[in-house]
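Subject: Model for your files

Dear colleague,

Please find the structure below. My notes on what was found in it follow.

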Amino acid sequence: MIQELKNYTILNHYIVGSSLYKYKEASDVDYLVVVKEDIESFQILSAKKDYSIYSLKTFKNMIIKHDPLALECLFSPQDYILKQDFIPQLILDKNKLRNSFSQKSSNSWVKARKKMTVEKDLDFLVGKKSIFHSLRLLDFAIDIAKNHKITNFTVSNLYWSEIERSHDWPELKSKFKKIYNKKKSELRTLCPKN
């Protein structure tokens, strides 16, 4: 573990991001670290490894709110959980699941459009990743609604090669907005509003 964390009690240590989803070759490894101490969340960025550090209290609240990142950690395969001194539990609330994942997915879709169409914000790679993540988040929520966990972290990977090939927002929107809408509709059916 890195020097900056030597004064903290690490309870969990998860591999997250592209190393977990495996939709593309990971250029670095992202970690989410849960510490016992009551701290403000912070990040440590380096050339090949990035760490996001959360207190146990914050991480528990993320689980309660059905935050996608926390649930991805919770349902990670065992070899992606590097330390297991605290095993959190989820009490599934389908309304929270729908709201949390739908909001993040929608934000990713909007970010994709902006990164591929707004001159001052152009970043095609970030835009393409955002399209992928908007679909992945919905797939994960559907999986959790059906199975009470994420059973397949690579479920959305089939979209990546096609997304990666194009730099044309209208073409990508034409193809993937239909898929996005279909997934949102399925999630609404599985998680109707109370």
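From the N terminus, the elements of the protein chain run β-α-β-β-β-α-α-β-α-α-α-α. That comes to 7 helices and 5 strands, where helices (H or I, at least four residues) and strands (E, at least two) are DSSP runs numbered from the N terminus.

On provenance: this is a predicted model, in which local features need pLDDT of at least 70 and side-chain atom pairs count only at pLDDT 80 or more, while totals for chains, interfaces and linings use all residues. Residues are numbered from 1 along each chain as its sequence is written, and side-chain values use heavy atoms, with hydrogens and water left out.

Overall dimensions. The C-alpha trace of the protein chain spans about 50 × 45 × 30 Å along its principal axes.

Packing and surface. Of the 194 residues, 47% count as buried (under 20% relative accessible area, with a 1.4 Å probe and protein chains only). Among contacts (heavy atoms within 4.5 Å) between residues at least 6 apart in sequence, 61% join residues at least 24 apart. The accessible surface of the protein chain is about 10400 Å², with 48% of this belonging to carbon and sulfur atoms; the areas come from the Shrake-Rupley method with a 1.4 Å probe.

Aromatic pairs. The whole structure holds 11 of them (rings of Phe, Tyr and Trp, the last by its six-membered ring, with centres within 6.5 Å; planes under 30 degrees apart are stacked, over 60 edge-to-face and the rest tilted). One of the pairs is Phe140 with Phe153, edge-to-face at 5.3 Å centre to centre and 75° between the planes. This pair links distant parts of the chain, with Phe140 in helix 5 (residues 124–147) and Phe153 in the loop between helix 5 and helix 6 (160–165), 13 residues apart.

Backbone. Most residues other than glycine have a negative phi. Lys22, in the loop between helix 1 (18–21) and strand 2 (29–35), has a positive phi near 60°. His148 also has a positive value, near 65°, and lies in the loop between helix 5 and helix 6.

Regards

Methods: Buried means under 20% relative accessible area, exposed over 50%, partly exposed in between (1.4 Å probe, protein chains only).
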